[in-house]
Amino acid sequence: GLGADSTEQSKTLFARVKGKAENALQKLPFKHFYIARPGGIKRIHVHGKRPLPERLFRPLFPIFELLSPSFVITSEDLAKGMLHIVKHGYDKIIVGNVELKELSRK
């Protein structure tokens, strides 16, 4: 996700672990390899009981979208962007929210 540290030197555990996992995966013999780094994912379809963090942060998404639109991506745009990459490839390995949103509209 957003904030992963490929150098594995971050002071944040999440960033180090995510970066280390990405680096390890890149060493595997995949024909094609891409890393999606979405930020805040806003679910479109909500079924059943939602996890506590989502219940707490979901009301804040409109504020995040207004103040920092590049931070938030809908689950639908994330899926469409990733599907576009699988079908057509992409010129970069690491793909963030902005690129994923752009690809979801193609």
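The buried residues of helix H5 are covered by several elements, including strand E1 (35-37), strand E2 (40-42), strand E3 (72-74), helix H4 and strand E4 (94-96). Buried means under 20% relative accessible area, exposed over 50%, and partly exposed in between, with a 1.4 Å probe and protein chains only. Helices (H or I, at least four residues) and strands (E, at least two) are DSSP runs, numbered from the N terminus. H5 is largely enclosed by the rest of the structure, because 6 of its 8 residues are buried. They are Asn97, Glu99, Leu100, Lys101, Leu103 and Ser104.

This is a predicted model, in which local features need pLDDT of at least 70, side-chain atom pairs count only at pLDDT 80 or more, and totals for chains, interfaces and linings use all residues. Residues are numbered from 1 along each chain as its sequence is written, and side-chain values use heavy atoms, with hydrogens and water left out.

Two of the buried H5 residues, Leu100 and Leu103, also belong to the largest nonpolar core. In soluble globular proteins, nonpolar side chains tend to be buried together.

What does Leu103 touch, leaving aside its neighbours within four places in sequence? Leu103 is in contact with Gly81, His84, Ile85, Tyr90 and Val95. Contact means heavy atoms within 4.5 Å.

Now turn to Ser10, in the segment before helix H1 (13-26). Is Ser10 buried or exposed? Ser10 counts as buried because its relative accessibility is 18%. A polar atom of its side chain lies 3.0 Å from the backbone nitrogen of Thr12. Leaving aside neighbours within four places in sequence, Ser10 is in contact with Asp5, Ala15 and Arg16.

Step back to the whole chain. It holds 5 helices and 4 strands. Along the sequence they follow the pattern α-β-β-α-α-β-α-β-α. The C-alpha trace spans about 40 × 35 × 30 Å along its principal axes. Of the 106 residues, 30% count as buried. Among contacts with a separation of 6 or more, 51% join residues 24 or more positions apart.

How values were computed
Polar contact = N/O pair within 3.5 Å; in protein donor to acceptor, adjacent residues only side chain to side chain. Core = buried A, V, L, I, M, F, W, Y, C linked by side-chain atoms within 4.5 Å.
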